[in-house]
Amino acid sequence: MIKLFIRGLPSNTTEETLTELFSGFGTVRALTLHKDLFTGQARGTALIDMEGHEGRAAIAGLNGSQIQGSTLYVSQTKEDKRRLRGGRRR
């Protein structure tokens, strides 16, 4: 399982929109859409949990793509990269 960090989302993005977009690459296990506290609109970032090979396919397929005129940036979170590398180095 890997966690994807998505940025560049339009303010009218919903959880349903993101789930539909990423479901083309595999099963979305968990989704957190960061919203403004007062307006309830998306703040432009989200976190998504997917299986490893599905997540890597989503990164390859969606990073740099356009959604409603905004460019999406999709990457693996830094904490996942550290865990795969073997943790903290001294």
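Trainee: What does the secondary structure of the protein chain come to?

Mentor: There are 3 helices and 6 strands. Starting at the N terminus, the elements follow the order β-α-β-β-α-β-β-β-α. Keep in mind that this is a predicted model: local features need pLDDT of at least 70, side-chain atom pairs count only at pLDDT 80 or more, and totals for chains, interfaces and linings use all residues. Residues are numbered from 1 along each chain as its sequence is written, and side-chain values use heavy atoms, with hydrogens and water left out.

Trainee: Why do β2 and β6 stand at the edges?

Mentor: Look at the whole sheet: 4 strands in the order β2-β3-β1-β6, open and with antiparallel pairing. β2 and β6 (73–76) each have a single partner strand, so one side of each has no neighbour in the sheet. From one strand to the next, the twist averages 20°; for such angles, axes are lines fitted to C-alpha atoms (for helices over the stretch in contact), and values run from 0 to 180 degrees between N-to-C directions.

Trainee: Which strands does helix α1 touch?

Mentor: Helix α1 (residues 15–23) packs on the sheet and touches β1, β2, β3 and β6, where its direction makes about 135° with that of β2. A contact means heavy atoms within 4.5 Å. Helix α2 (residues 52–62) lies across β1, β3 and β6, at about 20° to β1.

Trainee: Why does V28 count as buried?

Mentor: Buried means under 20% relative accessible area, exposed over 50%, and partly exposed in between (1.4 Å probe, protein chains only). V28 has 18% relative accessibility, so the residue counts as buried. V28 sits in the loop between α1 and β2. Beyond its neighbours within four places in sequence, V28 has contacts that include F22, I48 and M50.

Trainee: Is Q68 buried or exposed, and what puts it there?

Mentor: Q68 has 53% relative accessibility, so this residue counts as exposed. The loop between β4 (66–67) and β5 (70–71) holds Q68. Its phi is near 50°, a positive value in a residue other than glycine.

Trainee: How do you know that R7 lies over the face of Y73?

Mentor: A charge sits over a ring if NZ of Lys or CZ of Arg is within 6 Å of the ring centre and within 35 degrees of the ring normal. R7 is at 4.4 Å from the ring centre of Y73 and lies over its face.

Trainee: What share of the 90 residues do buried residues make up?

Mentor: They make up 31% of the protein chain.

How values were computed: Helices (H or I, at least four residues) and strands (E, at least two) are DSSP runs, numbered from the N terminus. Two strands pair if DSSP finds at least two bridges between them.
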